[in-house]
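I opened my notebook to look up how this chain is put together. Here is what I wrote down, one topic at a time.

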Amino acid sequence: IYATSNRRHLIKENWNDRDDVETSNGMHRSDTMEEKLSLVHRFGVTINYSSPNRREFYDIVKALAAKNPNINMDEEELCKEANKWELRHGGISGRTAQQFINHLAGKK
């Protein structure tokens with residue numbers, strides 16, 4: 001018994017089908033596209049993980065700091081420290097903002 005969700009394992013492949021193979025990794029371009037599209041059709045949700053710009057980063061930091069009672073810094077100092085933190089810890093992102101706030105909260 002052989003069970004698979006990959007159609008290529010069930011259907012005989014002809015040489016004409018080989019035109020679709022990328023030489024670098026042996027993958028079928030159409031299979032890759034079909035898999036990506038099937039996820040979109042199955043779930044219907046697109047999640048975008050874009051990086052915020054600096055202003056958005058500061059807004060995220062300020063909002064997270066406002067939720068934490070252990071952080072008592074004025075906004076200007078908070079943004080300066082967040083800027084130092086992101087330069088040493090992987091750049092501007094929501095995750096970096098959260099890690100910075102966690103660091104501040106644990107510090108006090």
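I took helices (H or I, at least four residues) and strands (E, at least two) as DSSP runs, numbered from the N terminus. From the N terminus on, I read the elements as α-α-α-α; that is four helices and zero strands.

I noted that the model is predicted, so local features need pLDDT of at least 70, side-chain atom pairs count only at pLDDT 80 or more, and totals for chains, interfaces and linings use all residues. Residues are numbered from 1 along each chain as its sequence is written, and side-chain values use heavy atoms, leaving out hydrogens and water.

Next I looked up a helix pair. Which residues of H2 meet H3? In H2 I found Arg 54, Phe 57, Tyr 58, Val 61, Lys 62 and Ala 65, and across from them in H3 Glu 75, Leu 78, Cys 79, Ala 82, Asn 83 and Glu 86. Contact here means heavy atoms within 4.5 Å.

Buried means under 20% relative accessible area (1.4 Å probe, protein chains only). The core has 15 residues, and Phe 57, Val 61, Ile 71, Leu 78, Phe 100, Ile 101 and Leu 104 touch the most other members. H2, H3 and helix H4 (94–107) each supply at least two of its residues, and H2 gives the largest share, five.

I followed Ile 71 too: not counting residues up to four places away in sequence, Ile 71 touches Ala 65, Leu 78, Ile 101, Leu 104 and Ala 105.

Last, I checked the whole chain: buried residues make up 23% of its 108 residues.

Terms used: A nonpolar core is a set of buried Ala, Val, Leu, Ile, Met, Phe, Trp, Tyr and Cys residues joined through side-chain atoms within 4.5 Å. Buried means under 20% relative accessible area, exposed over 50%, partly exposed in between (1.4 Å probe, protein chains only).
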